[in-house]
4 protein chains.
Amino acid sequence: MIIVLKPGTPQAEITRISQEVDKLGLIPEKSVGKHKVVIGLVGDTAEFDPLNIQEISPFIDRVIRVEQPFKRTSLQFRYGEPSAVIVPTPNEVVIFGQNYPVVIISGPCSVENEQMIIETAHRVKAAGAQFLRGGAYKPRTSPYAFQGHGESALSLLAAARKATGLGIVTEVMDTADLEKVAEVADIIQIGARNMQNFSLLKKVGASCKPVLLKRGMSATIEEWLMAAEYILAAGNPNVILCERGIRTFDRQYTRNTLDLSVIPVLRSLTHLPIAIDPSHGTGVAKYVPAMAIAALATGCDSLMIEVHPNPAKALSDGPQSLTPDQFDELMHQIAVLSKAFDYRHPTDLRTVQDAVRQEQLSLTV
Amino acid sequence: MIIVLKPGTPQAEITRISQEVDKLGLIPEKSVGKHKVVIGLVGDTAEFDPLNIQEISPFIDRVIRVEQPFKRTSLQFRYGEPSAVIVPTPNEVVIFGQNYPVVIISGPCSVENEQMIIETAHRVKAAGAQFLRGGAYKPRTSPYAFQGHGESALSLLAAARKATGLGIVTEVMDTADLEKVAEVADIIQIGARNMQNFSLLKKVGASCKPVLLKRGMSATIEEWLMAAEYILAAGNPNVILCERGIRTFDRQYTRNTLDLSVIPVLRSLTHLPIAIDPSHGTGVAKYVPAMAIAALATGCDSLMIEVHPNPAKALSDGPQSLTPDQFDELMHQIAVLSKAFDYRHPTDLRTVQDAVRQEQLSLTV
Amino acid sequence: MIIVLKPGTPQAEITRISQEVDKLGLIPEKSVGKHKVVIGLVGDTAEFDPLNIQEISPFIDRVIRVEQPFKRTSLQFRYGEPSAVIVPTPNEVVIFGQNYPVVIISGPCSVENEQMIIETAHRVKAAGAQFLRGGAYKPRTSPYAFQGHGESALSLLAAARKATGLGIVTEVMDTADLEKVAEVADIIQIGARNMQNFSLLKKVGASCKPVLLKRGMSATIEEWLMAAEYILAAGNPNVILCERGIRTFDRQYTRNTLDLSVIPVLRSLTHLPIAIDPSHGTGVAKYVPAMAIAALATGCDSLMIEVHPNPAKALSDGPQSLTPDQFDELMHQIAVLSKAFDYRHPTDLRTVQDAVRQEQLSLTV
Amino acid sequence: MIIVLKPGTPQAEITRISQEVDKLGLIPEKSVGKHKVVIGLVGDTAEFDPLNIQEISPFIDRVIRVEQPFKRTSLQFRYGEPSAVIVPTPNEVVIFGQNYPVVIISGPCSVENEQMIIETAHRVKAAGAQFLRGGAYKPRTSPYAFQGHGESALSLLAAARKATGLGIVTEVMDTADLEKVAEVADIIQIGARNMQNFSLLKKVGASCKPVLLKRGMSATIEEWLMAAEYILAAGNPNVILCERGIRTFDRQYTRNTLDLSVIPVLRSLTHLPIAIDPSHGTGVAKYVPAMAIAALATGCDSLMIEVHPNPAKALSDGPQSLTPDQFDELMHQIAVLSKAFDYRHPTDLRTVQDAVRQEQLSLTV
């Protein structure tokens, strides 16, 4: 249920309404949109009548029941206002969201050794990426395949972060590893195989570290949003949804089927930012650039692209990795095309970044 | 198997090689690319040794066996040269192909009455479409649903063609109706449910009328290309492949899952032109523009988009139809974005069209 | 909509009710169940109020609206009474239905030559099959694969029918071939790829020849029943539904995924008899016996099993064909197990067969 | 790689061979089959030549490389000998395996309160079940749905175990909970959503507690066996595979598609015992009995069936739960039909159980 306030509602009245809601046993969550202030009501709202809530204050414009099974994740919960996930990195404050420039996350599937991760970090930074991805803990189908270098890989990521100032995105697979991973990562990745690892979702929900939540291999859009809801319900609003291809009947030429229609569909359902991973989505390096551009044209907020200095010798996912040179070329294309898309209004970005800096990043970490 | 000729091979020698091939019981199919002339060998080539074929002439550069199960459809069969499907319409000669501007096919799901089809035709023409689509025979899940007006709808399509000069795309469902449909249609559509109606494929293959071959709901890319191969093998090279969404586990928010990765995949496998149908691909009008633009950015050669003057009252597929005004807006966006994509080189289009006209369209009809 | 009559309603009153219904523009279809007589009302029943229909006669017990989109196919349309498809063959009258013994259809994928089809027919008859299957027209993914011997194969099937007295099941792929096929076939098969070839469905619906309707590769149960509805709506009630495996994400060890849960599901939705084809369902001969027995245990009414005298040399589908010896063994197992299942009451079979014979088969052909 | 020994190889020689293998850096795993003794070689066998291994002893009959990506899980690793998972419960030693009677696991989706779990335990025991299932930790799509009573539910399961002597099967979702769960559970369940939670697999692999590994919703058979391989590779051979329905395009009438063909397929690939869960497989109580019997007829080693004293009021999965009375009836049918299947040879069961008892269960716990 949400309370939409009338324009010009005094701050004191907002506070009073929140207190009244609190007395009813519901948790109020304020969100300030461009035109409206909305108070989301969290808890067992089924037993309350919107009309009674409305009577709390004459400043209440409308009280609306969220019809979707996902509540905090729904677009309705913010009355149509997209949310932004703000991530401070050594270089800059990066913002994922519909009204901000597309964020590029790039790097190898797994951290193999110091030289390769530092070299790759420099290359992807030079090409324009804001984040370095790299796996320390790797979910592999076979127990005999390379499982990631674990903790030692985390220190290499920290070194790459220091060397380049890039933010770090890396995956956590086990609640027991979360603390260690969170020390290094600017964004924690929940992989496709763990999208419904509810223990893990609750635990990342209990921190406020940004989370990149990959869609499960055969997860419906509703299940994906319900997984995000686990994180939001646990208190962490900083979730980025990442499509990485779904499993279908045809796997001959591509590893998965990249479902780009999630972009307009999610836009109509949720306020959360959307990332696309064309590397896992296709599984084939030569198809990655076309699908990255397609994702960009469809309006995604972020792209996650695998880059490896020597794909042929990669310990994992080599066939889907671009070389740094191929990545340079793709980034050049992206730069040219971005200008053609008027979806984005980067003008106010600097203002937001400044504002965030001035608040000493108190909102996010 | 294909014979690649050396540059500058005299025409007389090409003729002689073709005659030699013919003597071996194989049918030679010449295709002239930008840089190379290639002779495709059709028939039971398994029993021939490429080295022996090579000895036919010193002008033969290489003899290559096509490894794919689809032969004439394969990119290899034309030695990497994309093919073009040339369709004369009353207004102009339209060319579908990788080196030509994107062709727009638009109109209602089914032809409902004279006024609506003529009105829609005028609107989509004004917006920039080259073809009018409209169903006379409709494949419907229920026997109690509107089945299309059949023959009378064909005459209405003929009237719309006359009134606007647009080309006509309409579906044939039964070999018995092919002749009637072919009289009116400039392009014959084979629907998703008939993609493996092999009798129908053979019959449209026996004419040289262009065919728009929709991908079956759960057809693999290989099966789709094999269906095209039926048409090419029967003698008709004028096939346009049309992706219209596949069936997956998630059908809650979209009717199908539009698989845009077919564009780069097909580019690596076949020389045939590629169309995308975001209307069936999503099943929801509000998602159509985003996916149309995504398809354009990914490099499709044609878009097929459903437009209905009054979607709410449409006899079929209303929920996925744009209004003429929405279509105008989408076409405006497409025009702006097309300039940003340098995939297309429209400069030589006029030359080709002129050449075709001068040959009195003898090649195509 | 159906009219359920009270027990003991006089025949004259039934006739009168039917006439009244006819005056309303609806077609009455009487079905006589064990305990009830029901009149199904076909036509645009949406505009009629059940209460008004009820007033036609005091012998009317209830008037019920069929809620499913499939009407004549629904179990409700016969007020819960299963239907039987009665097929006269040279040897005997065979009945497909829930209250009759399981019918065995067996034979090669395609008719290859006279010797193999006659030999196979004798072997499957000796093992206990009632029908010989064999393809004259074959739907093949590749245009270069064996397409069936067509008309000449039909005469070989006729010869096998004469030699053994078995009924014949063979596929029709094109409306143009229906007449020829119907001359030889006792049951006409509509293949999976043609399940939504609506022209073909309408045409087989216009005869009263029994039809074995295979489930499309990715057809939902509802779509399958709607396809059957096309045939029933066109006037032919003699439809047997045949599950043959659906397409899923896993095709490594089996060709399709045999969906045996259709048996209890269909039992709750439709009165039509159910056949299972474990040969296409698995695509692997060594898995066929286990799945045939599973289907039997789940309560299917018929089994369709591919048998070839020399699977290794079969022109099509060799890997999924049993040898005659393997088929003998399976039939032995089936005989033993059938006794354990008390689903079937074969006692009254002879009575029905006799009754049918006495009516000179007037009902069915 | 496996070493097959000649019949009559002296124990001392087996020991010597094992020591030689150990010197090569490989771990020997002996398995004693009916006719053969086999030593499986675990480790990086790729670098060894079977011929060299053969030379270790003249008692070595053959050295065979396991071709499958799953090694210890493969049927080949035990030279075709099925394995058995032996589970001591208060009442009896229960054995899961191809040569033992079908084991019945039954109970509610989740443990709701003491009365219901004790009552259900008594009822399913009386009907013939050997194990009580019941969820303490529940994976639920929605964070707002009942999540299980956690630790307190574990004590209720312990109470039910004490009251009835039944073994307990319950799910673990998080590595952090494993110890607590293992104290109560006789068999630990890994749910479908955690089939590729590799951290969890490794951790249950490090104990020797039997594990019921459910197939992931869209896991291929190979991926499922690779997940089992994680457990075996970590040292725990006591794995039971449990099919519970896969996700397909059709979810209108059933929650999942129960894939019974896994039974013959797994038989040809692995030595591990196979359980079937028709409750999750269909999601609809009225379809459960037919599919349970189908699974039995196909040759499964165990059935897992949800039973709830009052399904309409169940906190989770009510629609797929049988009432105790319905379960009684199903168990009666199973008893009758089991006699008809000669797949099972229960005669030697007592002997094995006795032997196990005499060894003081040293093998398994």
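Helix H1 (residues 11-23) of chain A lies across strands E1 (2-5), E2 and E3 of chain A, and its direction is at about 10° to that of E3(A). Helices (H or I, at least four residues) and strands (E, at least two) are DSSP runs, numbered from the N terminus. Angles run from 0 to 180 degrees between N-to-C directions, with axes taken as lines fitted to C-alpha atoms, for helices over the stretch in contact. This is a predicted model, in which local features need pLDDT of at least 70 and side-chain atom pairs count only at pLDDT 80 or more, while totals for chains, interfaces and linings use all residues. Residues are numbered from 1 along each chain as its sequence is written, and chains are lettered from A and ligands numbered from 1 in the order in which they are written.

The sheet in question is an open one of four strands, ordered E2-E3-E1-E4 (chain A) and paired antiparallel; two strands count as paired if DSSP finds at least two bridges between them. Strand E2 (27-32) and strand E4 (60-64) of chain A sit at the edges, each pairing on one side only. From one strand to the next, the twist averages 20°. E2(A) and strand E3 (residues 37-42) of chain A pair in the antiparallel sense over six bridges, and A:Glu29 stands opposite A:Gly40 in E3(A). As for domains, chain A is split into domain 1 (2-65) and domain 2 (85-358), with bounds that come from an automatic or database domain assignment. The C-alpha centres of these two domains of chain A are 35 Å apart.

Over in chain D, eight strands close into a barrel, E7-E8-E9-E10-E11-E12-E13-E14, with parallel pairing. Here the twist averages 25° from one strand to the next. Strand E8 (residues 131-133) and strand E9 (residues 167-171) of chain D pair in the parallel sense over three bridges, and D:Arg133 has D:Val169 as its bridge partner in E9(D). Helix H10 (residues 288-298) of chain D packs on the sheet, where it touches strand E13 (274-276) and strand E14 (302-306) of chain D, and its direction makes about 170° with that of E14(D).

In chain C, helix H6 (residues 198-205) is mostly covered, with seven of its eight residues buried. Buried means that 20 or more other C-beta atoms, placed from the backbone, lie within 10 Å of the residue's own. Among the buried residues of H6(C) are C:Phe198, C:Leu200, C:Leu201 and C:Val204, and C:Lys203 is on the list too. The buried part of H6(C) packs against helix H5 (178-184), strand E10 (187-190), strand E11 (211-214) and helix H7 (221-233) of chain C.

Now for how chains A and B meet. The contact takes 32 residues from chain B and 32 residues from chain A, counting two residues as in contact if their C-beta atoms, placed from the backbone, lie within 7 Å. On the side of chain B that touches chain A, helices H7 (221-233), H8 (262-269), H10 (288-298) and H11 (324-340) of chain B each give two or more residues. H10(B) provides the largest share, six residues. Chain B can be laid on chain A with an RMSD of 0.1 Å by a turn of 180° and a shift of 0.0 Å along the axis, which is the relation of a two-fold axis. The superposition is by least squares on the C-alpha atoms of residues with pLDDT of at least 70 in both copies. Of the residues of chain B, B:Ala294 comes closest to the rotation axis, with its C-alpha at 2.4 Å. Both copies use the same surface, as 100% of the contact residues of chain B recur in chain A.

Technical notes
Buried ≥ 20, exposed ≤ 12 C-beta atoms within 10 Å, placed from the backbone.
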